[in-house]
Amino acid sequence: MDESMERPCPELPVDVLVLIFARLFYPADRTRFQAVSRFWRSATRPPPRQLPWIMHPAGGFLNPSDRILHHLVSFPKTASCSIDDRALIHRCYSSFPENMRCIGSTDGWIAVDCQDTKNKHKHMYLLHNEFSGMTLSLPELDAAIAHVSELFEICKVLLRSTPDGVIALMTNHYSFHIILTRRGKGVWFPKQHADPLIDIIDVAFLGDRLYGITLEEDLVYLGIASDDNDVPMVTGGKCVIGDFGVWSDEEDYDDNIVDDDDDDDDDDDDDDDDDDLTKMTKEDKIGPGIKLIKVDESPNDVKATCYLIESCGKLLMVRQQVLSSGGLFSDITQKVNVFKADVSAAKWVPVKGGLGGQALFISNPFCKSVSATCSEEIQEDVIYFIDTDDEFNMRSKSISAPKNAFEYNMILKSAGPQKLTWVFPPELVA
């Protein structure tokens, strides 16, 4: 046999192959690389442990290591959103079809909203793992909030552990601000206009417990139980730090649960308008959860917000103050404070010094604490802010300058800083 036929690919220098392999982020691509030939396989090295990805809602992702925007290789599998449609897309930052967008993430999973191409008010929701290529449907969520107004947005999709566990969602609707679901079981809604819940601006799981934080920095424990069908529900809330108070939602909780087998009853006709998310108005929207601080010396406002994050079995609150820059440039982090929840003393305790060797990755849809030992590129005791491209060092109290202002600002402006989210490769997920 002709030797050239045994070698379909030209042999490249080993140093070039090493560089190529180092740029492959997907495990499947690394496997394909190693399958090319024995020589290529001999050039492989353990993949470098990287920083988490920055996910654009249109499907592209930015690798902070090289500051280059990449297109996805692994796409959600769904019959109603044809992946072939992506060939028609000409948007600079898009990997998804125009009717598909990322609405949240947890670790390596992204939550995807697929809009019906013929009915813009109809949606389908999926979970997709960028690294394994697995796609999971959420039919119970489809049954509950498939038909929504263009004003309706899901702001956070938080998995407690695995996709089969409890999933907490936050939306911008006054009456449906926090939603719980479990795949194959059902969906829980709060009672109409549940005032205590609308004040919550962020949530985080601490083990099996769900906590929320308000703009006034009250920490609220949200009790979760399951009904006879294993549908999760919030049974009430208790303020453990601050003056939020105590409330209960246990009475008649069955009326707040939806599954995909529910039939419409005549008795529910009076509630149709309240439950019809296609009739959402601007008055139903909840604000973005920020405070504006006037600064006499500056023509721009300072925006203050806080994030709730679990780190090493503790709850942390990260308070960020951001100076609005306006124009083409991204906002700038001006001040950062970190506090640890001391539930027994009912107060927030300032965190001084470092983060115990951890690094915090902050975004509106998802926050995560990661050990700096997981990657050479992660700096210990540093907080990475996705919305400003800032890095705050807890020990030196210094804030880094953006690494690539123009390119990153264009990505921020195209997505909206509050919609970018972190996605973590398997080696960064504990």
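A pocket is an open set of grid points with protein on both sides within 12 Å along at least five of seven lines, and its lining residues have an atom within 4 Å of a point. In this predicted model, the second largest pocket is lined by 44 residues. The protein itself has 430 residues, with eight helices and 28 strands.

**Overall build**
- Buried residues make up 50% of the protein.
- The accessible surface comes to about 20900 Å². Carbon and sulfur atoms account for 50% of that surface.
- Take the contacts with a separation of 6 or more: 52% of them join residues 24 or more positions apart.

**The second largest pocket**
- Its volume is about 1000 Å³.
- Gly 287, Pro 288, Gly 289, Asn 364 and Gln 418 lie nearest the centre of this pocket.
- Several strands each supply at least two lining residues, among them strand 4 (100–106), strand 8 (154–159) and strand 12 (200–206). Strand 9 (167–171) and strand 20 (314–323) also each supply at least two.
- Strand 19 gives the most to the lining, with five residues. This strand covers residues 302–311.
- By class, the lining holds 20 nonpolar, twelve polar and twelve charged residues.

**Cysteines**
- A search of the whole structure finds zero disulfides.
- A disulfide is a covalent bond between the sulfur atoms of two cysteines.
- Cys 306 is buried, because its relative accessible area is 3% and buried means under 20%.
- Cys 367 also counts as buried, at 12% relative accessibility.

Methods:
Residues numbered from 1 in each chain as written. Predicted model: local features only at pLDDT ≥ 70, side-chain atom pairs only at ≥ 80, totals over all residues. Heavy atoms only, no water. Disulfide = S-S within 2.5 Å. Buried < 20%, exposed > 50% of the residue type's maximum accessible area, 1.4 Å probe, protein only. Helix = DSSP H or I, 4+ residues; strand = E, 2+ residues; numbered from the N terminus. Contact = heavy atoms within 4.5 Å. Areas by Shrake-Rupley, 256 points an atom, 1.4 Å probe, with all protein chains shown as cover. 1 Å grid on protein atoms, 1.4 Å probe; cavity = no way out; pocket = protein on both sides within 12 Å on 5 of 7 lines; lining within 4 Å. Points joined across faces, edges and corners; volume = space filled by probe spheres on them. Nonpolar A, V, L, I, M, F, W, Y, C, P; charged D, E, K, R; others polar.
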